[in-house]
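Could you walk me through this structure in my viewer? I am new to it and would like to know what to select next and what is there.

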Amino acid sequence: MSNSSSTRGAGKLSQLSQLWKALDSDFKDHILDPENPENQNCLFRLLSMIDVEPDMMASFIASIFDGDYYNSERQIFLFGTHALGLTLEDVLYITGLPIKGEPVLYKNAFDDGAFNRVFGNGRFLRKTTLPVKEIMNIVLDKDHVEDYRARKIVVLLIVLFAFIAPNNNKHEIDSVSVQFVENLDRIDDYAWGAALLAYLYNGMNRYKKNILMGIFGFFLFFS
């Protein structure tokens, strides 16, 4: 497979970066305010990584997977006589995400009232997905600039989209993701690090078995 086909799932950070650059300075200051306990959660802290350029490592990642260095049966990387595996400890130290807590498991296949609860106005009833660009536009719209809660939830949704479970098959946010970030006081209750690693290993294994056309998951462990 070509570099672009195998690694295109790694490019989601650019959308988070675009959103962050478009937000007004007052809201950014609010998000980064160390005196605001509501904002001191593990997902907001990941915003410090948005300047990383994932495309710069595309060739390296492709050479690892297309060069057959990853053994999906043993779930390790083999470089000659050396074996390398990604562990929960790696996730904890590299990202700071909790590896213990409530599992990040979907309770329902969809939540047809999720977006309406966040954005209101009756415009989003029975919507099971929303394009990322549409969500960004909602947050940048003058009718929502004073609604910090909704805007923070959007940032968190895109953090999930870009960091925790990036894939290459769509540019939409699923309504079921809202349940994990709707309560801003409970963000750190979830085992985000464990979810990230499980999603990455699942994506790598399915790619090696030719089930997926690209690798799903967070690739900055290879940088």
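Here is a short tour of this predicted model, with a pocket, some salt bridges and a backbone angle as its stops.

**Stop 1: the largest pocket.** Select Val-104, Tyr-106, Ile-164, Ala-165 and Tyr-199; of the 22 lining residues, these are the closest to the centre of the largest pocket. Its volume is about 550 Å³. Now colour α9 (148-164), β5 (172-174) and α11 (192-208), the elements that each give two or more residues to the lining. The largest share, 5 residues, comes from α11. By type, the lining divides into 17 nonpolar, 2 polar and 3 charged residues.

**Stop 2: salt bridges.** The model has 5 salt bridges. Start with Asp-24 and Arg-151, whose side chains meet at 2.7 Å, N to O. This pair links distant parts of the chain, 127 residues apart: Asp-24 is in the loop between α2 (13-22) and α3 (25-32), and Arg-151 is in helix α9. Is Arg-151 buried or exposed? Arg-151 is buried, with a relative accessible area of 1%, while Asp-24 is partly exposed at 31%.

Next, select Arg-186 and Glu-102, which form a salt bridge at 2.5 Å, N to O.

**Stop 3: Arg-126.** Finish in the loop between α7 (114-119) and β4 (129-131), where Arg-126 lies. Arg-126 has a positive phi of about 60° although it is not a glycine. Most residues other than glycine have a negative phi. Arg-126 counts as exposed, at 74% relative accessibility.

How values were computed: Residues are numbered from 1 along each chain as its sequence is written. This is a predicted model: local features need pLDDT of at least 70, side-chain atom pairs count only at pLDDT 80 or more; totals for chains, interfaces and linings use all residues. Side-chain values use heavy atoms; hydrogens and water are left out. Helices (H or I, at least four residues) and strands (E, at least two) are DSSP runs, numbered from the N terminus. Buried means under 20% relative accessible area, exposed over 50%, partly exposed in between (1.4 Å probe, protein chains only). On a 1 Å grid over the protein atoms alone, a cavity is a set of points where a 1.4 Å probe fits but cannot get out, and a pocket is an open set with protein on both sides within 12 Å along at least five of seven lines; lining residues have an atom within 4 Å of a point. Grid points are joined across faces, edges and corners, and a volume is the space filled by probe spheres set on the points. Ala, Val, Leu, Ile, Met, Phe, Trp, Tyr, Cys and Pro count as nonpolar, Asp, Glu, Lys and Arg as charged, and the others, Gly among them, as polar. A salt bridge is a side-chain nitrogen of Lys or Arg within 4 Å of a carboxyl oxygen of Asp or Glu.
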